[in-house]
Structure formats: structure tokens, C-alpha cells
Amino acid sequence: MFSHLQPTPIDPILGLMAAYKEDPNPLKVDLGVGVYKDEQGHTAVLDCVKKAEALRLKNEDSKTYIGMAGDLSFNSHIEKLAFGQHKVLLSGRVTTAHTPGGTGALRVAAEFIKKANPDATVWVTNPTWANHISLFQAAGLTVKEYAYYDWETKGLKFDAMMTELAQVPAGDVVLVHACCHNPSGMDLNFEQWKQFAHLAKDKGFTPLVDMAYQGFGLGLEEDSQGLRYLADQVDEMLLCSSCSKNFGLYRERIGAVSIVTADSKTTDIAKSVLLAVVRSIYSMPPAHGAIIVSHILDSQELTALWHQELAVMRNRINDYRQLIIDKFAAEGITQDFSFITKQHGMFSFLGINKEQIERLRKEFSIYMVGSSRVSISGLNHSNIDYFANAMAQVLKG
Ligand code: PLP
Ligand code: TYF
């Protein structure tokens with residue numbers, strides 16, 4: 001039966017990562033995958049993680065299974081990180097399972113939605129992270145897009161977004177990015193979050209917030225402001241979070257899915273369904289990443305260190321947003337790229353065309369996703385002039 005299989009194309013972002021690795025050009029620049037790189041172009045293990053790992057090595061006394069919900073201490077920490085002291089936590093309206101990465105959280109959420117409403121359509125931003133579409137389709141759900149990014153103004157199509165979402169029926173799910181929109185970098189401001197939350201409440205659709213970059217936008221608290229306002233307004237929602245970026249735990253695969261229900265009785269039922277979904281996919285999540293995060297957030301000292309290290313990553317990216325503009329100006333580029341400083345998180349769309357992206361890759365070994373998405377932390381003081389100069393040549397035509 002395997003001879004009937006058809007080849008499946010590789011995820012273009014991961015394909016780009018492989019192509020970059022094989023490129024022998026010493027000047028090559030990787031602006032592809034959303035993985036934070038420091039000034040040396042290295043994705044280092046955070047010091048707070050190293051310390052927590054040492055603690056784990058010393059204290060761990062068993063490798064027996066953890067339950068289907070994973071590490072309960074982690075779950076409690078991750079809920080507080082997202083919701084703070086919110087009434088949904090205080091009134092027992094949230095149930096959380098730790099998952100293999102944010103991707104695992106989304107996949108579990110998809111199956112959970114399928115159980116709650118098999119006919120649900122999941123609405124995603126146009127454009128969105130390509131995996132969103134395949135993850136929800138894999139659970140047999142219909143996926144449709146709503147207006148979001150405006151290629152003309154390099155901003156949001158907020159009015160069109162609200163008009164389209166006003167047609168979404170109760171029982172459907174609307175996925176929003178908590179902060180640091182992937183791929184555009186263009187986020188809702190707080191006023192827009194409020195309007196979105198009121199619409200969700202009026203229309204009765206269920207929001208699903210994907211929070212893969214908490215702390216990479218404006219700060220840990222600021223980045224969850226919209227999410228918390230939404231939780232003030234609606235009875236039910238889902239949250240998928242990831243510790244891949246903000247704890248630098250990419251390969252440990254640690255994330256969480258949280259379900260918010262209208263009352264604690266429904267939460268108990270939702271929990272049983274959630275755990276049944278987990279059991280039918282992977283039984284129990286891997287423990288390591290969750291225990292690392294738990295150790296960090298259990299300790300004031302390690303939490304303070306984490307905040308510092310996260311701020312270093314966030315500030316470096318934001319500094320480079322401005323530096324790109326300055327270097328482009330120094331190269332005589334006259335097109336307006338000021339939108340880059342209005343965006344948040346790892347990514348921005350440069351808004352250049354396919355041929356220009358192709359030339360950057362072929363002539364200069366500068367790698368970015370085909371939509372012109374750049375992962376800004378791939379830039380550093382050794383390559384930014386090379387990048388700005390290549391951009392100037394390519395923009396001249
Ligand atoms: N959601 C978004 C928007 C992402 O960009 C990512 C990837 O980084 C994820 C979810 C899931 O990340 P991971 O599975 O690595 O935790
Ligand atoms: O968008 C990105 O670059 C990150 C990393 O299948 C990623 O979200 C990309 C593709 C993928 C998994 C993670």
C-alpha cells in the first residue's frame with residue numbers, strides 16, 4: 001500500500017532552514033525561521049534554563065509517567081503568566097494541559113473543538129502561520145480566512161476584519177494572535193482588541209488565542225492585555241501558548257492548551273474531554289520543558305533572570321527594527337520602510353516581490369520566506385550592512 005503514496009511538499013519555512021544550512025557562502029544571512037539569534041548568530045540556551053536544568057538534575061527522583069494534563073505546577077504557572085490575577089482563574093473557569101509545544105496545543109485544541117462542535121469553521125487571519133491551516137484541517141474542521149493584513153498600507157484591514165467577523169455564526173471559532181502576529185508583525189492595538197472582544201460577545205463565536213510570543217512584543221504583561229480583556233467579556237474561549245520562543249525551549253517541545261468555560265461545573269466536563277483528546281493522541285506529554293519552566297517560575301531569582309534575558313531578546317529585535325531603517329537610508333533607499341518600527345515580535349513583511357526575494361537568495365545568499373517575511377533577529381552588526389546594501393541593489397532593479 002505504501003507504493004500508492006504521493007510525495008508531500010516540505011513546510012517551506014523548514015525547507016528554507018535546510019537550504020540555508022547547505023549554502024557554502026560565508027556571507028549568507030538567515031532571515032527565515034522564527035528562531036531567536038543573538039549578535040553572534042547563535043541560538044543560545046538561556047542562563048535561567050541552564051540553572052533550572054541543574055536543579056532538575058539534582059532533584060529529580062523518578063521518571064515515572066506524569067498524568068495526561070502534564071505537570072500541574074507548570075499548568076498553574078502558565079495560566080497565571082497569561083491571565084494574571086484574572087477572575088476566570090479565581091472562579092475555577094480554566095482547565096489547562098501542558099502539551100508538546102504550541103503546535104501540540106493547537107492540535108489538541110482542534111480535536112477539542114471537533115468534539116464540542118463537529119461542524120465548526122475555524123477562522124484565521126489572512127495571512128496566518130501556514131501550520132494553523134493544516135492543524136485544524138487535520139482534525140476535520142473547515143478553515144476560512146478573514147481580512148487582516150493590508151499589503152497596500154502595511155497596516156491592518158481592521159474595518160474589513162470587523163465586517164467579516166460580524167458574519168461569523170455562534171459555534172464557529174475565530175483564531176487571533178495574542179501578540180507578534182506571525183507572519184506580518186502587525187498586531188491589534190488595545191482599542192481594537194476591545195472592539196474585537198465586544199464583537200465576540202455580541203455574536204457568540206468562540207475566540208481561540210494563539211500566544212506563541214508572550215514577552216517578545218512590548219513585555220509579558222502588555223502582550224497579554226488583549227487576551228485578558230477578551231476573557232473579561234466572553235464566557236468561553238481557548239488559549240494555546242508556547243514556551244519555545246520566550247524560554248528558548250524550542251526543541252524541548254513545551255506549550256499549553258487552556259480552555260475557559262462559563263462556570264466551574266462546565267470546566268470539569270471540559271477537562272475530562274480535553275484529557276480524553278490527549279490520551280487518544282499521545283497519552284502524556286514529555287516532562288522536561290515543563291519542569292524547567294516550573295523551576296524558573298517557582299524561584300524569584302530565576303524569574304528575575306528570565307525577565308532580564310527575555311528583555312535582552314525583545315530589545316535587540318526592536319533596536320534592529322530601527323537600525324534597518326537607518327541602514328536603508330544610508331544606502332540611499334528612498335522607499336518607505338517605516339512600518340517596520342510599528343510592528344512587533346520576530347517578524348515583518350518587507351513587501352518586496354518574488355523576483356527580488358529570489359535575487360536576494362541567489363545573488364546574495366540572503367534567505368527569507370517567500371511572502372517576504374523576515375525574522376529580524378537573523379540580523380547582527382556583522383551582516384546588517386551587507387543586507388542593506390543587497391536590498392538597495394535589488395530595489396534599484
Ligand atoms: N503559533 C505560532 C503563531 C507560531 O509562530 C508558532 C511557532 O513558532 C507556534 C504556534 C508553535 O510553536 P511551537 O510548537 O514551536 O511551540
Ligand atoms: O514561523 C516560524 O518560523 C516559527 C517556527 O512547521 C516554525 O513558527 C516554522 C514552521 C514549523 C514549525 C515551527
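Two residues are taken to be in contact if their C-beta atoms, placed from the backbone, lie within 7 Å. The model is predicted: local features need pLDDT of at least 70, side-chain atom pairs count only at pLDDT 80 or more, and totals for chains, interfaces and linings use all residues. Residues are numbered from 1 along each chain as its sequence is written, while chains are lettered from A and ligands numbered from 1 in the order in which they are written.

**Domains**

The protein is assigned domain 1 (12-46 + 302-396) and domain 2 (65-298), with bounds that come from an automatic or database domain assignment. Taken over C-alpha atoms, the centres of domain 1 and domain 2 are separated by 27 Å. In the contact between them, 24 residues of domain 1 meet 24 residues of domain 2. On the side of domain 1 that touches domain 2, the elements giving two or more residues are α12 (300-330) and β11 (347-349). Helix α12 supplies the largest share of that side, six residues. Helices (H or I, at least four residues) and strands (E, at least two) are DSSP runs, numbered from the N terminus. By class, the residues of the side of domain 1 that touches domain 2 comprise 13 nonpolar, nine polar and two charged. Here Ala, Val, Leu, Ile, Met, Phe, Trp, Tyr, Cys and Pro count as nonpolar, Asp, Glu, Lys and Arg as charged, and the others, Gly among them, as polar.

**Packing of two helices**

Two packed helices are described by the angle between their axes and the distance between the axes. Axes are lines fitted to C-alpha atoms, for helices over the stretch in contact, and angles run from 0 to 180 degrees between N-to-C directions. Helix α2 (residues 47-59) and helix α11 (residues 288-298) have axes that come within 9 Å and cross at roughly 105 degrees. Helices α2 and α11 are therefore roughly perpendicular to each other, a term for angles of 65 to 115 degrees; those under 35 count as roughly parallel, those over 145 as roughly antiparallel and the rest as oblique. From α2, the contact involves C48, V49, A52, E53, L55 and R56, and from α11 it involves I291, I292, H295 and I296. The contact of α2 with α11 has seven nonpolar, one polar and two charged residues.

**The sheet**

An open sheet of seven strands has the order β2-β10-β9-β8-β7-β3-β4, with mixed pairing. Two strands pair if DSSP finds at least two bridges between them. The edge strands, β2 (94-99) and β4, each pair on one side only. On average, neighbouring strands of this sheet are turned by 20 degrees against each other, direction ignored.

| Strand pair | Sense | Bridges | A pair of opposite residues |
|---|---|---|---|
| β3 and β4 (residues 142-147) | parallel | six | T121 and T142 |

Together, β3, helix α6 (residues 130-138) and β4 make a right-handed β-α-β unit; a crossover is right-handed if, with the strands pointing away from the viewer, the path from the first strand over the helix to the second runs clockwise. Helix α3 (residues 72-83) lies across β2, β8 (206-211), β9 (237-242) and β10 (255-260), and runs at about 115 degrees to β2.

**Local backbone features**

The peptide bond from N126 to P127 is cis, with omega near 0 degrees, and P127 belongs to the loop between β3 and α6. N182 and P183 are likewise joined by a cis peptide bond, with omega about 20 degrees; P183 lies in the loop between β7 and α8 (190-203). In the loop between β9 and β10 is R253, which has a positive phi of about 60 degrees although it is not a glycine.
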